[in-house]
Structures are given as C-alpha cells and as structure tokens.
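Please have the sequence and the model at hand while reading.

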Amino acid sequence: MNKIKVFISHSSKDEYFVKSLAQLFVAVGDNGVIFTSVDGTKMKPGAHFNEILVSEISDSDVFIAILSEDSINSFYVAVEIGARWGSRKDIIPIMINGLSPERIKAPLSSIHAVDSKSQAELSDLIENIAAKVGYASESHSSYLQSIISLMNLKPPIKWI
C-alpha cells in the first residue's frame, strides 16, 4: 500500500473534527496525514512556518479543506486554499457543523463539497481518495464504524 500525503486545511477550532478524520484515514490504512495544529504533527521549533506550509500544500497528494463558520472566516485557511487553488491541484471541501453550501464562496463554490453528515458522501470520499493515489481501500465494513463516529461528532461546547 502506498503512503500518501494528505493536507487538511482547517480552523484550530475544528481540531476535534480533524483528529477524527485522521483516525478515519488510519482505519483505511493510511499513515501519511499531514496537518499543522494537532499534537504530534506540529512543526518543530524554529521551523520556517510559511515555507513549510507552502511546500506541504503543493506536495500533498490530497488537499482537504474543512469548512465551518470558523474556517471560512480564517485568514490562514483562505491562504492555504488559495495556494492550493493557484497550483491547479484538486481540493476536496468537507462541510462540518451544519455549514450550508450557500455559505461557501468562490472559488470553492464551484466544487462539490462533502457533507460530513452523509455516510454515502464520506464513503465516496474514502473510495475516491484511494483510487486517486492508487491503493485499494479495505472493505467498506472495515471503516464503516469510523465513518459513523465522524458523522455523529459535535463541536465542543464553547464557554463564554
């Protein structure tokens, strides 16, 4: 099985979802998930953040944009999406926390966004990524529980 690089662009407020999405990739056999704000994958002290970020965005096999109210208002998420869009490589948007397609602005509005509450769309996401990078995904039943867990995630309570 090939190791793939997956870059997940997201707001730090959506880290709970990103961790679960990474677990879904592990459930189908991938260990090449790259993102910047989860313990264990953060950049090393002294790293040139912007240079590494541009490199990781352009070198990734798969680029996923987690879209929530927080992320669509995030400067860095916009920069990451813009860098990927400018490279003319694929972007896979995933809507979370009830974000509606009407809230998505160009250039992402012209790309079908995965609904994180749809088992069929999350299954298609896994199958399409597997095909794109040239590895056979395991049987659907092997990662179905991970998909169901992802669908049932709720954002953490925000205390005022």
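## A stacked aromatic pair

Phe 7 has a relative accessible area of 1% and is therefore buried, a term that stands for under 20% relative accessible area, with exposed meaning over 50% and partly exposed the range in between (1.4 Å probe, protein chains only). The model is a predicted one, in which local features need pLDDT of at least 70 and side-chain atom pairs count only at pLDDT 80 or more, while totals for chains, interfaces and linings use all residues. Residues are numbered from 1 along each chain as its sequence is written, and side-chain values use heavy atoms, with hydrogens and water left out.

Two aromatic pairs are found in the structure, where rings of Phe, Tyr and Trp (its six-membered ring) pair if their centres lie within 6.5 Å, planes under 30 degrees apart counting as stacked, over 60 as edge-to-face and the rest as tilted. The rings of Phe 7 and Phe 63 are stacked, because their centres are 5.5 Å apart and their planes stand at 5°. Since Phe 7 belongs to strand β1 (residues 6-9) and Phe 63 to strand β3 (residues 62-67), the pair ties together parts that are 56 residues apart in sequence; strands (E, at least two residues) and helices (H or I, at least four) are DSSP runs, numbered from the N terminus. Phe 63 is likewise buried, at 1% relative accessibility.

## An edge-to-face pair

Phe 75 and Tyr 76 form an edge-to-face pair, with 5.9 Å from centre to centre and 85° between the planes. Phe 75 is exposed at a relative accessible area of 60%, whereas Tyr 76, at 36%, counts as partly exposed.

## The two sides of helix α2

Within helix α2 (residues 49-59), the residues Leu 53, Glu 56 and Ile 57 are buried. They lie on the same side of α2, because they cover an arc of only 100° around the axis, the arc being that of the directions from the helix axis to the C-beta atoms. Glu 51 and Val 54 are exposed residues on the face of α2 turned away from its buried side.
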